[in-house]
Amino acid sequence: MGSRSSHAARIPDVDSIQRETGFSQASLLRLYHRFRALDRNKKGYLSRVDLQEIGALAVNPLGDRIIDSFFPDGSLQLDFPGFVRVLAHFRPVDVEDHGNRDPQEPEPLNSRMNKLRFAFQLYDLDRDGKISRHEMLQVLRLMVGVQVTEEQLESIADRTVQEADEDGDGAVSFLEFTKSLEKMNIEQKMSIRILK
Amino acid sequence: MLRAALPLLWLPLAGAGATEEPTQEPGSPGEPPPGLALFRWQWHEVEAPYLVALWILVASLAKIVFHLSRKVTSLVPESCLLILLGLVLGGIVLAVAKKAEYQLEPGTFFLFLLPPIVLDSGYFMPSRLFFDNLGAILTYAVVGTLWNAFTTGAALWGLQQAGLVAPRVQAGLLDFLLFGSLISAVDPVAVLAVFEEVHVNETLFIIVFGESLLNDAVTVVLYKVCNSFVEMGSANVQATDYLKGVASLFVVSLGGAAVGLVFAFLLALTTRFTKRVRIIEPLLVFLLAYAAYLTAEMASLSAILAVTMCGLGCKKYVEANISHKSRTAVKYTMKTLASCAETIIFMLLGISAVDSSKWAWDSGLVLGTLFFILFFRALGVVLQTWVLNQFRLVPLDKIDQVVMSYGGLRGAVAFALVILLDRTKIPAKDYFVATTIVVVFFTVIVQGLTIKPLVKWLKVKRSEHHKPTLNQELHEHTFDHILAAVEDVVGHHGYHYWRDRWEQFDKKYLSQLLMRRSAYRIRDQIWDVYYRLNIRDAISFVDQGGHVLSSTGLTLPSMPSRNSVAETSVTNLLRESGSGACLDLQVIDTVRSGRDREDAVMHHLLCGGLYKPRYRKDGMANTEATNGKPPRDLGFQDTAAVILTVESEEEEDSDSSETEKEDDEGIIFVARATSEVLQEGKVSGSLEVCPSPRIIPPSPTCAEKELPWKSGQGDLAVYVSSETTKIVPVDMQTGWNQSISSLESLASPPCTQAPPMTRLPPRSLVTEESQAPLNLPSDLRPSFAFPTSLAKAGRSHSESSADIPQQQELQPLMGHEDHTHLSPGTANSHWCIQFNRGGRL
C-alpha cells in the first residue's frame, strides 16, 4: 500500500479538506473512491439522483431528508469537499482532540454540538431554528408505523414537543433539543467507527 | 397460582440434596394399621418436598433478615451472607446428623437451579446493549475462556513440575487442563449476584455478564473434551480427537443457540394464539424456555446458551402478544424463581463446603490456583482489550479493565462441574474440589466484598437510571436511521447497516408472523414509550389522589379541566374539578337516603348488573375529580371478577363512605356546594346547607358535566366521558351495552336537559321537605333512582380509587373499539388517549 499517499494526493485540495474534516488520508481515499463510484456519469459531482440510487436509502424513512442535508441551500450539485464535510459529522470523537484544540478554531465538525445540529436540521425543515409541532408530527409520521392513527400521532407529537419545550412557545429550539438529549452519549451514538 | 405451581416442578428434587429421592418415598406404610388411627404420622410421604420447602423457607427468611439492616446489605453482597449462612447451617447439620447432608448436587443444580437464573437473565437482557457489544462479549467469552483455561491449567502443571505442589496430588497435564477448564469460566450466577448490587455502567455490566453467559458453551466443550481425554488416557488421544474437540466447540455453541432460537420462535408463535386462554400465557413462557434448556442438555449442547437465546429472542414478540397481566406474572415469577434459585445455590454452596470428607487440602495447589486465575484473568483481559480497542468506537479504558479483571467471579458452575468428576479417573479429584471451593469462596466473598469499594474508589462510571422520555426515544431512532443512511452513503456495510436490515426483515416478516395482528398494528417503540409514559402519569395521578388533580390540571395544558374553564383563577379550577365529583357524590348521597319508594322501584329496575358499570364509572369520575383515596386499596384490583370486587368492597366500606364524604365536603368545600342536592338524604336534618348561595354556581357546571358525558365527547369533562364509555371489562361488555342503552333511555333525559339539572337544587329542597319526590318530573326520576341503586351499596372512595389501575388491567381484555370515542380535540388528547389506548392492547 505504498501507493496510498500518491493516490490520496490525487484528490483535489486534499490538505485543506483534511484539515477541515479531520479525516485520515486513508479514510479520505476510501471516501473519494466511494464518491467516484456514486458519481454515475463521471460528471465530477453528485446529484440527488445519484444518492437516491442507493437502494437502502430508499427504504430509510429519513432517507430523503438525509439526502437533502447533503445539498445545503438548495444546491443541486455535491462536490467532494461537500460530501466529506457532511460525513465528517460522523467521525468518532478523538479523546485527544479535546485537549490540544485551539479555542480560536471553529469547533470540529464532529463535535457533540455539530452532531446534534445535524440531527436537528433533519427535523427543522423550514430552518427557523425551531422544531414546531407540525415538523415533529411529520417526522413521527415517517418513523412511526402507519398503524398508528393520525390522532394518536398528533398526541405523541404534542407530548414530545411539550416534554422538551421549556419556554412554552410550543416548539423545540436547538437549545431545548440539546437539553432533552443531554443524558445521551451523542459522541458515541452519532459516530461511525470506520470514518476515522 | 402459577408462582406456586412452577417451583413445584423442581421442588421435589431441588434442595433435597442428599435425599435425592423424589416424591415417591418407600416410606408409605406397607402394613395396614391395626385399627382406625385417629392420628397418623406420615412424615416419609412428605419428607422430600417438605424438606425442600423448608430449605427454601429458611433461605427466604435469611434473606429477609439480611435486609432488615440496610447497613449490612449495603456493605456485604447478599451472596456472601448466604454462603456464610450456608456454612453455619452446614456446621449445624454436620454436628447434629454427624454426616454432611443437603449438599449442592450437580444434577439438581444443572436441571433445576440454574435454568431459572439463566432464563431470567436472558429474558431481561437489554438486547440492544447486548448486540451493540456482541463483539467484545464474544471475544471475552470464547478467547478469554480458552485463554484462562489453558494458561491456568498449564501453569498449574508447571507448578507441579517445579515441585511446589505436593506429590500426593496425582495429576498429569490433562488433569490440570481439565481443572483449568472448569475453574476458568466466569460464573453467571456469581457475577449477577455481585454486579447487580454494584451498579457499574451498563456497558461494563453487559460485557462481564454477557461473557459469563456465553462462555458456558466454551466451558462445556472444554470440560467434556478434557474429561473424555482423561478418561481415554492421554496416550490414546489421536490428532482427530483434537480436531473433533475444536469442531465440537462450534457444534455445542451454535447448536445451543439454534435450539434456543427455535424454541423462541415456537414460544412466540404459540403466544400468538392464546387470546382466549390468557391464563396459560405465563406458563407457556416458562415451559418452552425450560424445554429449550432440557433439549439442549439432552443433545449435550450448551443449555445456558439455549435458554439465553430463547429468552433474548422471544421477548419482543411474547411481550407484544401476551396480556398486560401475563406480562406482570411472567416478570415476577421469573424474578422470584431466579432469586429463589440463587439464594439456594449460595446457601447450598456454603453447606457443601462443610463436608470435609470430600476435601483434600494442598496449600501449593490452592494458592497457586488462586494466584493464576487472578493473574491470567487480568492478563487476558488486558491483551484482549488492547486488540478490541482497535475496533471499538468507545474504547474500554484502564478502569474498565480493572473491573472486568476483578469481576471475573467463579461460582456454582465450577463447583458443580468439579463434583461431577470421576474419582477413579481423576485421582486428584479431592484436591480439585477443595481448591474449587476455596476459589469460589474467595471470589464470591473477598472479591464480592471488595468490588464495591473498588468501584467507588476507581470512580467507575456508574449506571444512571433515567426514565425514558419521548424525545430520547424519538431521537434515538432518528440517530439509528441517520447512521444507517450514512453507512449506505459511505458504502460500508457495518453494524448499523445490518441492524437496519434486520429491523426491516423483522418488521416485514418475523413480526408479522409472530405477533398477533392487533399487537403488530400498534407495535412501535415510540408509541410504546408514549404509552408507558401515559400509564405512568395516570398511575401517579391516581396515586396522588384528587388533591393533586387540581394542580395537575394546572400544570398539564392538556388537562381538560383547564380548557373547559373560562376563568383561570385557581378557585375556579378547583370548583370545576370539584363539581365533577359532586355530581357523582350527589347521586350517591341521594341514594343513601334510601327512603324514596321511587328509588327502590328504579333500583329493582336497574338491578342485575346493569347499574354496575355505571356505578364504576361514577366511582371513577369521582376519584378523579375529588380526592381519591391514597392507593391503599390497589390490591383489590387483583380480584378477578370486577363485580365481585365492587360488591365485597361495598360492604366493607359502607361505613367509611360516610366519613369520606365528610372529607370531601371539608376539603373541597366547593364540592359540597355543588352536591347540595344529593346530600339531601344525608343532610336532611341540617337545612342550612341547602339555602346557601353556593347552590347556584355548581348547578351550571353540573349541567356542563352532564352534557359532555351524554355526548361522549366534549372538551370539558373529557376524562369523565372517556372512562364512562370505555372502561368496561369484556365479560361485562354486553351487559354494559344493554345498560348503556337502558341508561340512555332512562337516565339521559335529565342529563341532556341542562335546565332541569340546574333547577335541581331548589327542587330538591322541596323534595326534602315533602319527603316525597312525586312532584318531580317523571323524566327526572331515573337520575335519582339510578344513583339510589348505587348508593344502597354505599359507595366508597377506596373502591373507586382501585378502579383506575383495575381499568388498566382490564383494558387488555377489551376489544378495540375505543378510538371512535376519542374526543378529537387535540387539547385534551393527552388524557383521552391515555385512557382509551389500553383497549387496543
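**A close look at the interface**

Tutor: Let's start with residues 152-187 of chain A, which are 61% helix and 8% strand, with end C-alpha atoms 32 Å apart. Helices (H or I, at least four residues) and strands (E, at least two) are DSSP runs, numbered from the N terminus. This is a predicted model, in which local features need pLDDT of at least 70 and side-chain atom pairs pLDDT 80 or more, while totals for chains, interfaces and linings use all residues. Residues are numbered from 1 along each chain as written, chains are lettered from A and ligands numbered from 1 in the order written, and side-chain values use heavy atoms, without hydrogens or water.

An unreviewed UniProt entry lists 152-187 of chain A as "domain: EF-hand", along with 26-61 and 111-146; such annotations may be inferred rather than shown by experiment. Residues 26-61 of chain A are 64% helix and 0% strand, and their end C-alpha atoms lie 31 Å apart.

Now to the interface itself. Contact (heavy atoms within 4.5 Å) involves 57 residues from chain A and 50 residues from chain B. The buried area is about 4800 Å², with 67% from carbon and sulfur atoms; that is the accessible area (1.4 Å probe) lost on putting the two parts together, summed over both.

Chains A and B share one salt bridge, meaning a side-chain nitrogen of Lys or Arg within 4 Å of a carboxyl oxygen of Asp or Glu. Its partners are Arg159(A) and Asp537(B), at 2.9 Å from N to O.

Mean pLDDT (the predictor's confidence in each residue, from 0 to 100) is 78 for chain A, where 87% of residues score at least 70. For chain B the mean is 68, and 60% of residues reach 70 or more. Residues 608-732 of chain B have pLDDT below 50, yet this stretch has 281 contacts beyond near neighbours in sequence. Residues 742-841 of chain B also stay under 50.
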